[in-house]
Amino acid sequence: MAKLNVNPNRMELTKLKRRLVTAVRGHKLLKDKQDELMRRFIDLVRHNNELRKNVEAELLAAYKAFALASAIVSSEFLEEALLLPTRRVSLEVTTQNVMSVTVPKMEFKEEALLQDADIFPYGFLGTSDEADRALKTLYDILPKLLELGEVEKTCNLMTDEIEKTRRRVNALEYMTIPQLKETIKYIKMKLDENERSNLVRLIKVKTMIQA
Amino acid sequence: MIIMRKIGVVGDKDSILAFKAFGLDVFPAFAHQPEDSRKIVDRLAREDYGLIFITEQIAQTITETIDRYNKAITPAIILIPGNTGSLGVGMARIRANVEKAVGMNILD
């Protein structure tokens with residue numbers, strides 16, 4: 001490991017020692033942050049994986065039901081039936097700080113546009129039972145789908161932060177700290193050497209005077 | 001800070017029609033016109049859409065645009081399978097995340 005290019009004197013030594021203390025402390029803190037981030041990330045990503053598998057399977061089932069419905073009812077009619085929704089889903093986004101990563105916290109507001117409206121935006125005349133079923137399946141998936149949105153975004157944001165933290169921890173652990181240690185050792189050696197040579201010189205001078 | 005956001009769905013017409021019934025805003029797009037899909041996604045991101053669902057079929061054609069929003073808090077762009085079946089793109093994204101963060105795949 002290369003030592004830093006500094007003058008070997010006492011002032012540099014003190015400075016470097018102080019830097020080493022800071023670096024070690026920073027390394028410890030960052031390492032703790034990395035561990036905690038990783039723990040949370042792993043939990044979250046497992047959840048994300050499960051959720052996505054679930055949602056994908058259910059969504060495909062809903063599509064199938066919907067395809068069946070559109071095979072029975074003409075597509076223009078189906079489109080017309082769905083034209084005017086009875087409810088509106090909106091999103092309330094607040095931000096939350098998880099280990100210094102800002103993640104969105106989404107809350108879903110669902111409001112019916114008409115009073116006592118059920119989820120079906122059409123009358124029962126003309127549409128088939130299949131359409132009802134397809135809509136019902138999709139409606140049941142909706143909360144999961146929205147949760148997936150929040151979880152997946154959070155995972156995404158955490159990934160970046162974890163990578164950044166890991167790089168910093170590694171840089172401190174394998175570059176900064178060893179370099180500082182090496183340099184401190186070098187300066188100490190150099191100072192000791194100077195001390196010794198000074199001593200020898202004094203002794204030499206003394207014998208010359210006595211002679 | 002509370003902001004009310006909207007939810008958008010982008011995809012081919014057959015896949016997304018049903019979402020309209022719940023009051024989500026749907027935007028039809030076609031896989032062979034990536035330019036149009038890109039414009040739609042960018043416009044939704046600029047307007048106050050907090051969550052954009054996009055079918056994998058469309059998402060495949062505009063991956064750079066989607067990756068661009070990875071680091072922003074909103075919008076969250078979520079891939080959903082289209083009505084022709086899952087392409088595994090969404091799953092691959094989760095796996096890529098894990099590999100980037102952990103350094104190896106721990107999910108399966």
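This is a predicted model: local features need pLDDT of at least 70, side-chain atom pairs count only at pLDDT 80 or more; totals for chains, interfaces and linings use all residues.
Residues are numbered from 1 along each chain as its sequence is written, chains are lettered from A and ligands numbered from 1 in the order in which they are written, and side-chain values use heavy atoms, with hydrogens and water left out.

## The interface between chain A and chain B

Contact is taken as heavy atoms within 4.5 Å. On this basis 54 residues of chain A are in contact with 51 residues of chain B. The two chains bury about 4,700 Å² between them, and 68% of this area is on carbon and sulfur atoms; buried area is the accessible area (1.4 Å probe) that two parts lose on being put together, summed over both.

Twelve residue pairs, both members at pLDDT 80 or more, are in polar contact between chain A and chain B. A polar contact is a pair of N or O atoms within 3.5 Å; within protein, one must be able to donate a hydrogen and the other to accept it, and residues adjacent in sequence count only if both atoms are side-chain atoms. On the side of chain A that touches chain B, the elements giving two or more residues are helix 1 (10–72), strand 1 (87–98), strand 2 (101–112) and helix 3 (129–210). Helices (H or I, at least four residues) and strands (E, at least two) are DSSP runs, numbered from the N terminus. Helix 3 of chain A supplies the largest share of that side, 18 residues. By class, the side comprises 30 nonpolar, ten polar and 14 charged residues, where Ala, Val, Leu, Ile, Met, Phe, Trp, Tyr, Cys and Pro count as nonpolar, Asp, Glu, Lys and Arg as charged, and the others, Gly among them, as polar.

From chain B, helix 5 (residues 89–102) contains B:Asn97. This residue touches A:Phe41, A:Cys155, A:Asn156 and A:Thr159, not counting residues up to four places away in sequence. B:Asn97 counts as buried because its relative accessibility is 11%.

## Salt bridges

A salt bridge is a side-chain nitrogen of Lys or Arg within 4 Å of a carboxyl oxygen of Asp or Glu. The structure holds 19 salt bridges over all chains, and the count between chain A and chain B is two. The table lists examples.

| Pair | Closest N to O distance |
|---|---|
| A:Asp160 and B:Lys100 | 2.8 Å |
| A:Glu163 and B:Lys100 | 4.0 Å |
| B:Glu35 and B:Arg38 | 3.0 Å |

The salt bridge of A:Asp160 with B:Lys100 has its closest N and O atoms 2.8 Å apart. This pair crosses between chains, from helix 3 of chain A to helix 5 of chain B. A:Asp160 is buried at 16% relative accessibility, whereas B:Lys100 is partly exposed at 33%.

Within helix 1 of chain A, A:Lys28 and A:Asp32 lie four residues apart, about one turn of the helix. A:Lys28 is exposed at 53% relative accessibility, and A:Asp32 is partly exposed at 39%. In helix 2 (residues 34–46) of chain B, B:Glu35 and B:Arg38 are three residues apart and therefore separated by about one helical turn. B:Arg38 has a relative accessible area of 21% and is partly exposed. A network of salt bridges links A:Lys33, A:Glu161 and A:Lys164.

## The aromatic pair

Rings of Phe, Tyr and Trp (its six-membered ring) pair if their centres lie within 6.5 Å; planes under 30 degrees apart count as stacked, over 60 as edge-to-face and the rest as tilted. Over all chains the count comes to one aromatic pair. B:Phe27 and B:Tyr49 form this edge-to-face pair, at 5.9 Å centre to centre and 80° between the planes. B:Phe27 lies in strand 2 (residues 25–28) and B:Tyr49 in strand 3 (residues 49–55) of chain B, so the pair ties together parts that are 22 residues apart in sequence. Both residues, B:Phe27 and B:Tyr49, are buried.

A:Arg87 lies in strand 1 of chain A and is buried, with a relative accessible area of 11%. A:Arg87 and A:Asn97 are ten residues apart in sequence and 32 Å apart in space, C-alpha to C-alpha. The loop between strand 1 and strand 2 holds A:Met99, which has a positive phi of about 50° although it is not a glycine. A:Ser100 lies in the loop between strand 1 and strand 2 and has a positive phi of about 65°, again without being a glycine.

Notes. Buried means under 20% relative accessible area, exposed over 50%, partly exposed in between (1.4 Å probe, protein chains only).
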